[in-house]
Amino acid sequence: MRGRNYERVPELGKAKEFAITWREWYVGLQDPARGRWPLKRDKKEVYNWDKLNKGSRNGFGLVLVSLAWWRTVLRTEAEHKEFYGAIEEVSWTLQRMLSMGQVSEEGTKRQREEERKANEDDGKRKRYVVCRFTSLSPF
């Protein structure tokens, strides 16, 4: 099999250590105007989401996958509390990106046109699934 094995969860070590590493990585994906952890959540501020607004393996999808990995190593109540703080942060960020119109559900007009032409060429119709996250909280 070529490429990445997405079925295998990488070795994460202890939850506390992973949390520190994850936060540093996640803060690095944010607009510097949001500061350090805990990140600023100013509803009036217009943040730059370029590092997160990607459909590639290095975009927002990886943030969600990394949270799923983190969840596998939680043991204590304190670890769960920190994890759900990260979930809340990611949820706020995604909601902000959506509310500012910086995440497109359908892609750009040019992307749609290119996809339409590609579908005509191969005779196959592509189907898409649109997911909306209203809350990532388990409660």
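Valine 9 counts as partly exposed because its relative accessibility is 36%, a value that falls between the 20% limit for buried and the 50% limit for exposed residues. The model is predicted. Valine 9 belongs to the segment that precedes H1. Leaving aside residues up to four places away in sequence, valine 9 touches Trp69 and Thr72. Tryptophan 69 lies 60 residues from valine 9 along the chain, yet their C-alpha atoms are separated by 6.3 Å.

| Helix | Residues |
|---|---|
| H1 | 15–28 |
| H2 | 60–71 |
| H3 | 77–99 |

**H1 and H3**

The axes of H1 and H3 come within 10 Å and cross at roughly 20°. Angles under 35 degrees count as roughly parallel, and H1 and H3 are therefore roughly parallel to each other. The crossing of H1 past H3 is left-handed. On the H1 side, the contact is formed by Ala15, Lys16, Ala19, Trp22, Arg23 and Tyr26, which meet Glu79, Glu82, Ala86, Glu89, Val90 and Thr93 of H3. Of the residues in this contact, six are nonpolar, five charged and one polar.

**H3**

Helix H3 comprises 23 residues and reaches 32 Å from its first C-alpha to its last, close to the expected 33 Å. Its buried residues include Phe83, Ile87, Trp92, Leu94 and Met97, and also the charged residues Glu79, Glu89 and Arg96. The buried residues of H3 pack against both H1 and H2. After H3 comes glycine 101, with a positive phi near 70°.

Definitions and conventions. Residues are numbered from 1 along each chain as its sequence is written. This is a predicted model: local features need pLDDT of at least 70, side-chain atom pairs count only at pLDDT 80 or more; totals for chains, interfaces and linings use all residues. Side-chain values use heavy atoms; hydrogens and water are left out. Axes are lines fitted to C-alpha atoms, for helices over the stretch in contact, and angles run from 0 to 180 degrees between N-to-C directions. Helices (H or I, at least four residues) and strands (E, at least two) are DSSP runs, numbered from the N terminus. Angles under 35 degrees count as roughly parallel, over 145 as roughly antiparallel, 65 to 115 as roughly perpendicular and the rest as oblique. A crossing is left-handed if the near helix is turned anticlockwise from the far one by less than a right angle, and right-handed if clockwise. Contact means heavy atoms within 4.5 Å. The expected span of a helix is 1.5 Å times one less than its number of residues. Buried means under 20% relative accessible area, exposed over 50%, partly exposed in between (1.4 Å probe, protein chains only).
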